[in-house]
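Welcome! Please take a moment to look over the sequence and the 3D view, and then we can walk through some of the details together.

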Amino acid sequence: KNKVVLVSGSSAQAITTDSCSPNTVHWNYPIYSRTTTLPERLVKAGKTKWFFITGDWAAAAALERVATKTIVANGGKVLGTAKHPLGTRDFSSLILRAQASGADVIALSNAGNDMINTIKQAKEFGVIDSNQMVLPMVVFLTDIHALGLGSTQGLQFVDPFYWDRDERSRAWSQRYFEQVHSMPTSVQASVYSSILNYLKAVQAARTDDTAAVMKQLKSMKIDDGLFKGTIRQDGSVAFDELLVEVKTPAASKDAWDLYTVKDVIPAEKSGYPIEQSTCKFLKK
């Protein structure tokens with residue numbers, strides 16, 4: 001009871017809204033940029049017609065629901081949705097429906113092996129190499145590494161961390177690689193970052209008292225070479241996030257040289273507006 005809780009690897013926005021706690025920090029991974037910031041950009045760039053391939057579970061449905069609201073609010077439209085259960089192996093009928101819809105963007109509101117298999121089969125049906133944009137909403141560096149650049153080249157998506165972003169991220173990631181023999185994903189980097197900054201807060205507060213540490217955490221600027229931003233009063237971490245594009249095989253220099261950073265989404269745009277939060281303790 002009454003301990004600091006550091007959350008990495010969950011997309012549930014409720015952690016810092018309906019189920020918020022004064023002692024919880026949601027480090028990664030935020031979904032606002034995936035469901036709001038990026039869809040808004042794409043619709044305004046002319047990609048107004050969308051089709052969703054969505055996992056039939058709560059988190060996937062939430063991604064689609066929030067993204068749909070953004071798309072419609074900015075003048076776009078959703079042409080359809082194809083749902084699938086967890087662990088589906090054959091996505092051919094779903095991909096053909098999405099392809100035939102004429103959508104500008106085929107959004108994949110799923111994750112893990114389901115997302116990987118969707119992309120594999122989208123490549124086989126020629127969708128990846130067509131004028132239709134395939135947009136995985138939850139994808140990690142290790143997923144792209146497993147799929148290979150031949151199947152994923154040209155894909156664009158949001159990621160809060162990329163190991164090859166700058167000298168500081170490369171230095172830390174190389175130390176990680178020497179231990180794990182794999183470059184870190186954003187979740188793995190966020191676990192390290194959250195613990196590192198917690199310890200900095202304890203050191204600065206000169207106590208591990210929960211209230212004192214949380215006050216210190218929320219007053220700190222996060223800039224540890226992995227993430228850059230602040231911890232908001234509702235416990236969500238607002239970081240700069242990256243819009244990345246998967247490289248072609250010819251452009252890649254080695255097995256983990258996978259992304260080109262196309263743009264930086266600043267921290268103030270990556271998180272949902274705090275004035276819209278349903279976090280109860282903020283109202284006090």
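Helix H7 (residues 167-180) and helix H8 (residues 186-205) pack with their axes 12 Å apart, at an angle of about 105°. The two are therefore roughly perpendicular to each other, a label used for angles of 65 to 115 degrees, with those under 35 degrees counted as roughly parallel, those over 145 as roughly antiparallel and the rest as oblique. Axes here are lines fitted to C-alpha atoms, for helices over the stretch in contact, and angles run from 0 to 180 degrees between N-to-C directions. Helices (H or I, at least four residues) and strands (E, at least two) are DSSP runs, numbered from the N terminus.

Which residues make the contact? From H7 come Trp 172, Arg 175 and Tyr 176, and from H8 come Gln 188, Ala 189 and Tyr 192; contact means heavy atoms within 4.5 Å. These residues divide into four nonpolar, one polar and one charged. In this grouping, Ala, Val, Leu, Ile, Met, Phe, Trp, Tyr, Cys and Pro count as nonpolar, Asp, Glu, Lys and Arg as charged, and the others, Gly among them, as polar.

## How to read the model

This is a predicted model, in which local features need pLDDT of at least 70 and side-chain atom pairs count only at pLDDT 80 or more, while totals for chains, interfaces and linings use all residues. Residues are numbered from 1 along each chain as its sequence is written, and side-chain values use heavy atoms, with hydrogens and water left out.

## One disulfide

A disulfide is a covalent bond between the sulfur atoms of two cysteines. Counting pairs of cysteine sulfur atoms within 2.5 Å, the model has one disulfide. It joins Cys 20 to Cys 279, with an S to S distance of 2.2 Å. The link of Cys 20 and Cys 279 is right-handed, with 90° about the S-S bond.

The pair links distant parts of the chain, 259 residues apart: Cys 20 is in the loop between strand S1 (5-8) and strand S2 (24-28), and Cys 279 is in the segment after helix H10 (267-270). Are these cysteines buried or exposed? Cys 20 counts as buried at 16% relative accessibility, and Cys 279 is buried too, with a relative accessible area of 0%. Buried means under 20% relative accessible area, exposed over 50% and partly exposed in between (1.4 Å probe, protein chains only).

## Around helix H1

Ile 31 lies in the loop between S2 and helix H1 (32-44), and is buried at 8% relative accessibility. Not counting residues up to four places away in sequence, Ile 31 touches Ser 11, Gln 13 and Leu 63.

Thr 35 lies in helix H1 and is buried, with a relative accessible area of 1%. Leaving aside neighbours within four places in sequence, Thr 35 is in contact with Leu 63, Val 66, Ala 67, Thr 70 and Met 137.

Another open sheet has three strands in the order S8-S9-S10, and its pairing is antiparallel. Strand S8 (221-223) and strand S10 (237-239) are the edge strands. Here the twist averages 25° from one strand to the next.

Definitions and conventions:
Pairing = 2+ DSSP bridges.
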